[in-house]
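Welcome! Please take a look at the sequence and structure below, and then read on for a short tour.

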Amino acid sequence: QLGTMLIVNQLVDNILEGTYYDYLELYIQFGYVFLFLSIFPMAPIIAFCNNCVEIRSDSLKLCFGHKRPHQRSAKSISGSWMKAFEVMGIISVMTNCALLTYHIRTDSGNIICSARYAQTGERGSNETKV
């Protein structure tokens with residue numbers, strides 16, 4: 001009995017470990033895409049291309065490298081992963097607002113200084129020489 005329980009626990013751990021790293025990879029990619037979307041708009045396109053390659057490599061791995069996994073149905077991702085994705089979404093909204101605010105402040109200052117230089121021909125004290 002004890003030997004059978006140990007084998008079953010190891011099999012369950014291996015199955016859960018596989019999904020853990022898959023969800024972790026998705027979580028990291030979600031974070032990179034949504035945290036820095038405002039300053040790098042190409043991120044979703046690159047992530048999509050990465051996911052296409054990932055699907056093909058995972059299918060090859062499942063077809064030729066491993067046995068077929070046991071099917072377990074789930075309605076959605078719930079529990080700790082759902083909470084983690086929700087927190088990442090909230091943090092990404094705050095990060096994008098901060099990045100856009102910083103970018104607008106820096107660009108608007110440069111526009112005002114450049115307009116002043118075009119009118120007067122003199123550099124202000126807060127301008128850097130080009």
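A residue counts as buried under 20% relative accessible area, as exposed over 50%, and as partly exposed in between. Cys-97, with 45% relative accessibility, is therefore partly exposed. Please keep in mind that this is a predicted model.

**Confidence**
- The chain has a mean pLDDT of 74, and 59% of its residues reach 70 or more.
- Helix 2 (residues 43-65) has the highest confidence, with a mean of 85, while helix 1 (residues 2-35) has the lowest, at 71.

**Cysteines**
- In general, a disulfide is a covalent bond between the sulfur atoms of two cysteines.
- Searching the whole structure turns up 0 disulfides.
- For Cys-49, the closest cysteine sulfur belongs to Cys-52 and lies 6.3 Å away, which is too far for a bond, because a disulfide needs the two sulfur atoms within 2.5 Å.
- Cys-49 is also partly exposed, at 43% relative accessibility.

**The annotated region**
- An unreviewed UniProt entry lists residues 26-49 as "transmembrane region".

**A nonpolar patch on the surface**
- Ile-28, Tyr-32, Phe-36, Ile-39, Phe-40, Met-42, Ile-45 and Ile-46 together make up a nonpolar surface patch with about 800 Å² of accessible area.
- Helix 1 and helix 2 are the elements that each give two or more residues to this patch.
- Phe-40, one of the patch residues, sits in the loop between helix 1 and helix 2.
- With a relative accessible area of 41%, Phe-40 is partly exposed.

Terms used:
Residues numbered from 1 in each chain as written. Predicted model: local features only at pLDDT ≥ 70, side-chain atom pairs only at ≥ 80, totals over all residues. Heavy atoms only, no water. Buried < 20%, exposed > 50% of the residue type's maximum accessible area, 1.4 Å probe, protein only. UniProt positions renumbered as here; feature names shortened; annotations may be inferred. pLDDT = per-residue confidence, 0-100. Helix = DSSP H or I, 4+ residues; strand = E, 2+ residues; numbered from the N terminus. Patch = residues over 30% accessible without salt bridge, like charges linked within 9 Å, V, L, I, M, F, W, Y side chains within 5 Å. Areas by Shrake-Rupley, 256 points an atom, 1.4 Å probe, with all protein chains shown as cover. Salt bridge = Lys/Arg side-chain N within 4 Å of Asp/Glu carboxyl O.
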